[in-house]
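Subject: Structure handover

Hello,

Here is the structure I said I would pass on. My notes on it follow below.

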Amino acid sequence: MSGHSNYEPKTGFERWLDTRLPIVRLAYDSVIDFPTPKNLNYWWTFGGILAVCLGIQIVTGIVLAMHYVPHVDHAFNSVERIMRDVNYGWLVRYMHSNGASMFFIAVYIHMFRGLYYGSYKAPREVLWILGCVIYLLMMATAFMGYVLPWGQMSFHGAVVITNLFGALPLVGESITTWLWGGFAVDNPTLNRFFSLHFLLPFMIAGVVILHIWALHVPGNGNPTGVNVKSKEDTVPFHPYYTVKDGFAISVFLLMFAVFVFFQPNALGDAVNYVPANPLVTPAHIVPEWYFLPFYAILRAVPDKLAGVLLMFGAIAMLFVLPWLDTSKVRSMRYRPTAKLYFGIFVLACLVLGYCGGRLPDDHVIGNLSTFQLLDADLNSMVWLSRVAAAYYFAYFLVVLPILGLTETPLPQPESISAPVLPANAPAGAAASPEKRG
Amino acid sequence: MADTVVGANPDPHASGEDPNRRDFIHIAAAVMAVGAVGALAWPFIDQMNPAGDTLALASVEFDLTKVEAGQQVTIKWRGKPLFIRNRTGKEIAEAIKDDTADLRDPQTDEERHKPGKAQWLILIGTCTHLGCVPTFGGGDYGGWFCPCHGSHYDTSGRIRKGPAPKNLAVPDYAFLSDTKVKVG
């Protein structure tokens, strides 16, 4: 996609087609000949893994839509019918429900990869923002998909999430009524969620195309963060990265299969196998694991509007990140101090996820009794969430802006090839292993 | 040193082996991938076949006392109409008389009902042409007439005129008692 093309049509038909619709040229330039840095590690395989995840979700989702009934009286039973009566329905549904979790595992690794290696920095800001858009769409899709089985968690999750918008001043109530199509989450809500849950994956696929387009303009980043300087720094995408991605996808699918076939409900909540009852909320209501960090941020704030704003703000941080990080050094491989703060950031995200899955008043340390600080016991999930949430925001708003100006980075290599070259060796030889077969 | 490195570049086929070990890995990996996709394709095809609950509802029982002589009752069986016709003596006689007529799909009336139960004619009510539901008592032969493309069936449900190729189909059924049948 970036300018020069090495494609040469080999057959008469390809020449004929190339002058009319150069689709073979596009595929050749994008996935065969595309020059890719030769030092990509396995953290770079998650883009391909995510493409596979999206494909699996769309295919299994279309199958499920053939059997699912989006009506409050039939939704739960139609899902059980898929599990019991539809041929291989159990397999297709477990692929879809676990596929959502696999999708989020992969996307979180992909995002942390980007954070660590500075993938959001110039000239890849638009690429990064498109990724954030995909992530937002994924969250909306996953949330609405979780509502469809119409179990207790589905229903009350939908109630809680739609009520978030009720926190907005003035327009809040009108917006929730509009979202519901009534005075509460009910059949109209289920119908529209089904419709949108079907639509959004195709919007994701569209933004993925833009994401890849934006990727192919500057080309891939790489673990050193140093720009590609010459042809010696790259190898063609095929076979080097088709095979590497293919291997990573195979390993990922093995893990996926372990969940589907041996632990299909490990990542879900048993309460969602109880049919929705608008009159009783389950004692312990939690979102799916991939939303827990944001749920913890929401609960950490003792004010409805502020909680909602902070929760959305946590995602907004990602969108403006390219302009918050002041460091000119892309890869944290050469930023030892930033690496430390990044490690704490990952820990903070995990802690937030842990807190989100527990009750707010649960003790962090077993039987230790401490004192009341403001509105809650110091030894509670609420305070742990507050500490972790504070660090989450501080990482974006304080650490990255200031650290880029104050830290002393390690010297960066002159080129991608330089770090692996033995001293005094001629550059051309070791720098092009592909020529040695 | 650079010269030795360049010179060490082995042609994949230089060893004389053909196919060599690298070809074997390529072929084995491709075969595994194709096999996996193929194995995964079957569940995605089979899910469109009738589900367990659909198959479980594949047979119905019917009380024949609801049908007066000369009448027909239509019930739904496997999503299709099922004709249960209580034939009069005159209709049976006409059907037997036509056993020797020039039939497109030759069958005797005897073959179209259970032994000793000539009055009960049980047929799948979809025209063998393109699946419309023929109307009772219509057509030139007093059996059924299909409004879609004009097929005429006689009082034994045999095709006599029009585009349909076959007689109206007789489903698998059995008399549970004199007044009760089980279809399917």
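**Helix contacts in chain A**

H11(A) and H13(A) are roughly perpendicular to each other. Please keep in mind that this is a predicted model. The axes of helix H11 (residues 292–300) of chain A and helix H13 (residues 336–356) of chain A cross at roughly 75° and come within 7 Å. From H11(A), the residues in the contact are Leu292(A), Pro293(A), Tyr295(A), Ala296(A), Ile297(A) and Arg299(A), and they meet Cys349(A), Leu352(A), Gly353(A), Cys355(A) and Gly356(A) of H13(A). By type, the residues of this contact of H11(A) with H13(A) are eight nonpolar, two polar and one charged.

A second pair is helix H5 (residues 89–116) of chain A and helix H10 (residues 237–262) of chain A, whose axes come within 9 Å and cross at roughly 130°. At that angle H5(A) and H10(A) are oblique to each other, and their crossing is right-handed. H5(A) contributes Trp90(A), Leu91(A), Tyr94(A), Met95(A), Asn98(A), Gly99(A), Met102(A), Ile105(A) and Ala106(A), which meet Phe252(A), Met255(A), Phe256(A), Phe259(A), Val260(A) and Phe261(A) in H10(A). The residues of the contact of H5(A) with H10(A) comprise 13 nonpolar, two polar and no charged.

H10(A) has two further points to note. A cis peptide bond, with omega about 5°, joins His238(A) and Pro239(A), and Pro239(A) is part of helix H10 of chain A. Phe262(A) also belongs to helix H10 of chain A. Phe262(A) is exposed, its relative accessible area being 64%. Between Phe262(A) and Asn6(A) there are 47 Å in space, C-alpha to C-alpha, and the two are 256 residues apart in sequence.

**Helix H8 of chain A and what flanks it**

Within helix H8 (residues 172–180) of chain A, the residues Gly172(A), Thr176(A), Leu179(A) and Trp180(A) are buried. They lie on the same side of H8(A), because the arc they cover around the axis is only 95°. What do the buried residues of H8(A) pack against? Their partners are helix H7 (152–164) and helix H9 (187–216) of chain A.

Leu170(A) sits in the loop between H7 and H8 of chain A. Leu170(A) is exposed, with a relative accessible area of 87%, and its phi is positive, near 65°, in a residue other than glycine. H8(A) is followed by Gly181(A), which has a positive phi near 70°.

**Loops of chain A**

Tyr88(A) is in the loop between helix H4 (75–84) and H5 of chain A. Tyr88(A) is not a glycine, yet its phi is positive, about 60°. The relative accessible area of Tyr88(A) is 30%, which makes the residue partly exposed.

Pro123(A) is in the loop between H5 and helix H6 (125–147) of chain A. The peptide bond from Ala122(A) to Pro123(A) is cis, and its omega is near 5°.

His363(A) is in the loop between H13 and strand E3 (372–373) of chain A. His363(A) is partly exposed, with a relative accessible area of 33%. How far apart are His363(A) and Ser380(A) in space, C-alpha to C-alpha? The distance is 4.5 Å, while in sequence His363(A) and Ser380(A) are 17 residues apart. Neighbours within four places in sequence aside, His363(A) is in contact with Arg358(A), Leu368(A), Asn379(A), Ser380(A) and Met381(A).

**Chain B**

In helix H4 (residues 89–97) of chain B, the buried residues are Glu91(B), Ile92(B) and Ala95(B). These cover an arc of only 100° around the axis, so they are on the same side of H4(B). Gly89(B), Lys90(B) and Lys97(B) are exposed on the other side of H4(B). Strand E3 (80–86) of chain B is what the buried residues of H4(B) pack against.

Thr126(B) lies in the loop between strand E4 (120–124) and strand E5 (135–136) of chain B. Is Thr126(B) buried or exposed? With a relative accessible area of 19%, Thr126(B) is buried, the cut-off being under 20%. Not counting residues up to four places away in sequence, Thr126(B) touches Lys80(B), Pro81(B), Gly131(B), Cys132(B), Pro134(B) and Leu168(B).

Regards

Key. Residues numbered from 1 in each chain as written. Chains lettered and ligands numbered in written order. Predicted model: local features only at pLDDT ≥ 70, side-chain atom pairs only at ≥ 80, totals over all residues. Heavy atoms only, no water. Buried < 20%, exposed > 50% of the residue type's maximum accessible area, 1.4 Å probe, protein only. Helix = DSSP H or I, 4+ residues; strand = E, 2+ residues; numbered from the N terminus. Arc of directions from axis to C-beta. Contact = heavy atoms within 4.5 Å. Axes fitted to C-alpha atoms, helices over the stretch in contact; angles between N-to-C directions. Parallel < 35°, antiparallel > 145°, perpendicular 65-115°, else oblique. Left-handed = near helix turned anticlockwise from the far one by under 90°. Nonpolar A, V, L, I, M, F, W, Y, C, P; charged D, E, K, R; others polar.
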